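Hi everyone, thanks for coming. Let me put it on the screen.

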Amino acid sequence: MSEDVAFVLDTVEVFDLTGKSIPLSDLWRDRKAVVAFARHFGCVLCRKRADLLASRKEMMDAAGVALILIGPGNVEQAKAFASQTNFKGEVYADTKHSAYKALNFVSGISTTFTPSAGLKIIQSYMEGYRQDWKLSFEEDTVSRGGWQQGGILVTGPGKENISYLHKDKEAGDDPDIEDVLGACCL
């Protein structure tokens with residue numbers, strides 16, 4: 001990753017579940033972290049990804065790695081996500097979508113509605129995951145189209161120590177969990 005990206009990430013603020021503003025890169029300044037970026041807090045595919053990452057939290061804890069999920073939206077949406085999913089990591093809201101812009105994550109209808117994403121949604125529903133339609137249709141998500149894609153970042157300790165970045169090419173484009181674990185825990 002370029003120093004420019006690390007510098008831009010240092011200017012991004014996210015909000016914890018109490019509404020406190022935190023510079024994004026402070027989340028990994030003194031520790032290593034796996035940072036998952038959700039499409040939005042109501043997304044069924046993001047809920048499945050959160051579960052997959054949380055299923056490996058013991059391994060991350062043993063390696064001293066924090067598990068973090070950031071979603072584009074407001075603090076109330078982040079609280080609802082945390083409550084509904086019982087996500088075992090930290091949850092933050094990126095109210096201005098600044099991290100998504102800084103990391104140049106793709107967004108658009110053509111990256112959301114693909115045959116592959118449709119199959120992954122069906123599979124997720126068959127596995128018991130559900131879309132939160134109320135969260136999905138809140139003003140913040142609707143005004144931005146709900147087309148945002150996310151990714152996964154492994155970084156820290158140190159603001160410029162980015163060791164892994166996966167940018168979703170389309171909805172449900174999960175990286176191999178072993179690649180993520182290799183970057184954070186081995």
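Let's start with a pair of residues: Ile-68 stands opposite Glu-90 in strand β5. Before I go on, a word on the source: this is a predicted model, where local features need pLDDT of at least 70 and side-chain atom pairs count only at pLDDT 80 or more, while totals for chains, interfaces and linings use all residues. Residues are numbered from 1 along each chain as its sequence is written, and side-chain values use heavy atoms, with hydrogens and water left out.

Back to the strands. β4 and β5 (residues 90-94) pair in the parallel sense over 5 bridges; to count as paired, two strands need at least two DSSP bridges between them. Strands here are DSSP runs of E with at least two residues, helices are runs of H or I with at least four, and both are numbered from the N terminus. How does the chain cross from β4 to β5? The path runs through helix α4 (residues 75-85), and this β-α-β crossover is right-handed, that is, clockwise from the first strand over the helix to the second when the strands point away from the viewer. Strand β3 (residues 32-37) also pairs with β4 in the parallel sense, over 6 bridges, and there Phe-37 has Ile-70 as its bridge partner.

Is β4 enclosed or open? For strand β4 (residues 65-72), 8 of the 8 residues are buried, so the strand is largely enclosed by the rest of the structure. Buried means under 20% relative accessible area, with a 1.4 Å probe and protein chains only. Val-65, Leu-67, Leu-69 and Gly-71 point one way, and Ala-66, Ile-68, Ile-70 and Pro-72 the other.

A cavity is a set of points on a 1 Å grid over the protein atoms alone where a 1.4 Å probe fits but cannot get out; a pocket is an open set with protein on both sides within 12 Å along at least five of seven lines; lining residues have an atom within 4 Å of a point. Phe-37 turns up again in the lining of the largest cavity, along with others including Arg-39 and Asp-168. Helix α2 (residues 44-54) gives the largest share of that lining, 3 residues.

Finally, the largest pocket has a volume of about 360 Å³. Of its 19 lining residues, Arg-39, His-40, Phe-113, Gln-131 and Trp-133 are the closest to its centre.

Conventions: Buried < 20%, exposed > 50% of the residue type's maximum accessible area, 1.4 Å probe, protein only. Points joined across faces, edges and corners; volume = space filled by probe spheres on them.
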